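Colleague: Before I use these labels, I would like to hear what stands behind them. Please take me through the terms one at a time.

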Amino acid sequence: MPDDPSEGWDALAERFMQMRSGVGADLVRNWAIAHLPAGSAIVDVGCGSGVPIAEALIGAGFAVSGIDASPRLAAAFRARFPDAPVACEAAQVSAFFDRTFDAAVCVGLIFLLSEADQAALIGRVAQALKPGGRFLFTAPLQACEWPDNLTGRLSRALGQAAYAALLDAHGLSLVASHSDEGGNHYYEAIKPRAPGPHTAQSTSHG
């Protein structure tokens with residue numbers, strides 16, 4: 001675990017909340033409406049203050065829970081959405097409320113973490129998803145590194161092949177990619193449903 005689980009974001013929470021635009025909210029809301037039953041339980045991983053992602057999902061009638069390692073951002077989320085559970089903890093070690101969800105979204109977080117913590121986060125999400133659950137997260141398509149504009153800390157995207165392999169290693173399947181109005185790339189994965197007891201077919205010779 002890093003010395004600052006928020007990866008420098010807690011100290012800049014106020015500035016981040018002032019700067020955060022609505023980019024991505026429409027894509028995430030429309031994705032959820034298209035793929036999830038009404039009222040589905042969604043965990044917003046790296047939820048920040050809840051604006052704009054959780055806000056868009058709650059407005060569309062979904063039951064949202066938030067996880068964020070920044071005490072200031074988690075407090076802002078709690079103040080804005082008092083009926084939505086929020087946990088102030090690092091997602092890569094979170095117990096995800098000791099429950100399962102129909103979907104998880106993770107916007108603007110995974111590439112802030114080390115490669116090992118990115119793998120751990122994907123593992124935690126996989127454990128928290130119900131069979132048939134979906135995971136939508138942002139990261140560049142190509143493997144790359146860059147300094148974060150706000151914190152100055154190194155961000156690292158592992159690239160599509162690496163993310164597909166990590167998802168597969170944790171029982172998730174990469175099924176689609178999306179792009180929002182800001183040019184941000186989204187990976188969509190599914191946790192396959194367990195096969196039913198009568199799906200296997202046998203052949204007899206008589």
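Colleague: What makes you say that the buried residues of helix 4 line one face?

Modeller: In helix 4, residues 71-80, the buried residues are Leu-73, Ala-74 and Phe-77; buried means under 20% relative accessible area (1.4 Å probe, protein chains only). Down the axis of helix 4 they fall within an arc of 100 degrees, so they line one face. The arc is taken from the directions from the helix axis to the C-beta atoms. This is a predicted model, in which local features need pLDDT of at least 70 and side-chain atom pairs count only at pLDDT 80 or more, while totals for chains, interfaces and linings use all residues. Residues are numbered from 1 along each chain, and side-chain values use heavy atoms, without hydrogens and water.

Colleague: Why is helix 5 called oblique to helix 6?

Modeller: Helix 5 (residues 115-128) and helix 6 (residues 160-169) pack at about 45 degrees, with axes 9 Å apart. Angles under 35 degrees count as roughly parallel, over 145 as roughly antiparallel, 65 to 115 as roughly perpendicular and the rest as oblique, so helix 5 is oblique to helix 6.

Colleague: Which residues make that contact?

Modeller: Gln-118, Ala-119 and Ile-122 of helix 5 meet Tyr-163, Leu-166 and Leu-167 of helix 6, contact being heavy atoms within 4.5 Å.

Colleague: Why is Pro-140 called partly exposed?

Modeller: Its relative accessible area is 25%; partly exposed lies between the buried limit and exposed, which is over 50%, so Pro-140 is partly exposed. Pro-140 lies in the loop between strand 5 (129-138) and strand 6 (144-147).

Notes:
Helices (H or I, at least four residues) and strands (E, at least two) are DSSP runs, numbered from the N terminus. Axes are lines fitted to C-alpha atoms, for helices over the stretch in contact, and angles run from 0 to 180 degrees between N-to-C directions.
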